[in-house]
Amino acid sequence: MSTNAFANSGIRPATPGDIAALVAIENASFPGDRLDRRRFRYLLREANSVTFVDVDGAAVRGYILLLLRTGWRGARVYSIATHPAHLGCGVAARLLTAAERWAAAHGCVQVRLEVRADNAASLALFRGRGYVAFGSHGAYYHDGMDALRLRRMLAL
Ligand SMILES: CC(C)(COP(=O)(O)OP(=O)(O)OC[C@H]1O[C@@H](n2cnc3c(N)ncnc32)[C@H](O)[C@@H]1OP(=O)(O)O)[C@@H](O)C(=O)NCCC(=O)NCCS
């Protein structure tokens, strides 16, 4: 591995050059309701969203995508996923921490998200980091599964 590859390790904002890797992670991680190339390209340009990637050299290990809404001091985790080759290595935890720090630095007082009621790994990730359920949406996903609404208040 080159010196450059080491220099390019860690978390950084995603760029259009990451889109192929983002789509590959998406396709490997979700059976349905996936983001495609076009949607990623739009979201990377969109002022009210930010995407961070965790990279190791040329490899994108995972991503988190936050949405902001004008007039609301909160951020929504629109999506988070770790490439299957890097599961269980702390990638999502690092991305979530980076996203929360970014949100706090941009005036957000809370982070929210929806998660499938049967997504044990994701529920453990967010509950373990202080997220609590505050509601649900019935039949929210393509297969009729409910969503739990989770949120965490950010320390200011
Ligand atoms: C959920 C997901 C993002 C976790 O990614 P990850 O990089 O493997 O997670 P990490 O290694 O950072 O683990 C962070 C925490 O998640 C939880 N976790 C991760 N994988 C888990 C599993 N298979 N079972 C139970 N808990 C799990 C643990 O609480 C872990 O904390 P700990 O290490 O202190 O115990 C990953 O499983 C994934 O991409 N799933 C498919 C896409 C998805 O469901 N995204 C969430 C949509 S809301």
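## A term and a first residue

A residue counts as buried when its relative accessible area is under 20%, as exposed when that area is over 50%, and as partly exposed in between. Leu43 has a relative accessible area of 3%, so Leu43 is buried. The model in which this value was computed is a predicted one.

Leu43 belongs to helix α3. Apart from neighbours within four places in sequence, the residues in contact with Leu43 are Leu35, Ser49, Leu65, Leu67 and Tyr78. Leu66 is 23 residues from Leu43 in sequence, and their C-alpha atoms are 9.6 Å apart in space.

## The chain as a whole

The protein chain contains five helices and seven strands. Read from the N terminus, the order of these elements is α-β-α-α-β-β-β-α-β-α-β-β.

## Burial, contacts and surface

Of the 156 residues in the protein chain, 40% are buried. Among contacts in the protein chain with a separation of 6 or more, 59% are between residues 24 or more positions apart.

The protein chain exposes about 8400 Å², and 53% of this area is supplied by carbon and sulfur atoms. The chain has 20 positive and 12 negative charges. The mean position of the positive charges and that of the negative charges are 6 Å apart.

## The annotated region

An unreviewed UniProt entry places the feature "domain: N-acetyltransferase" at residues 9-155. Over residues 9-155 the chain is 29% helix and 37% strand. The end C-alpha atoms of this stretch are 28 Å apart.

## A buried residue in a strand

Thr51 is part of strand β2, which covers residues 49-56. Is Thr51 buried or exposed? Its relative accessibility is 4%, so Thr51 counts as buried.

Which residues does Thr51 touch, if those up to four places away in sequence are not counted? They are Arg12, Pro13, Ala14, Leu44, Tyr63, Ile64 and Leu65. One of these, Tyr63, is 12 residues from Thr51 along the chain, and the C-alpha atoms of the two are separated by 6.8 Å.

## Two loop residues with positive phi

Asp33 is a residue other than glycine, and its phi is positive, near 50 degrees. Asp33 is located in the loop between α2 (19-29) and α3 (37-45). The relative accessible area of Asp33 is 47%, so Asp33 is partly exposed.

Ala139 is not a glycine either, and it has a positive phi of about 45 degrees. The loop that holds Ala139 runs between β6 (132-137) and β7 (147-153). With a relative accessible area of 53%, Ala139 is exposed.

Methods
Residues numbered from 1 in each chain as written. Predicted model: local features only at pLDDT ≥ 70, side-chain atom pairs only at ≥ 80, totals over all residues. Heavy atoms only, no water. Helix = DSSP H or I, 4+ residues; strand = E, 2+ residues; numbered from the N terminus. Buried < 20%, exposed > 50% of the residue type's maximum accessible area, 1.4 Å probe, protein only. Contact = heavy atoms within 4.5 Å. Areas by Shrake-Rupley, 256 points an atom, 1.4 Å probe, with all protein chains shown as cover. Lys, Arg positive; Asp, Glu negative; His and termini not counted. Charge placed at Lys NZ, Arg CZ, Asp CG, Glu CD. UniProt positions renumbered as here; feature names shortened; annotations may be inferred.
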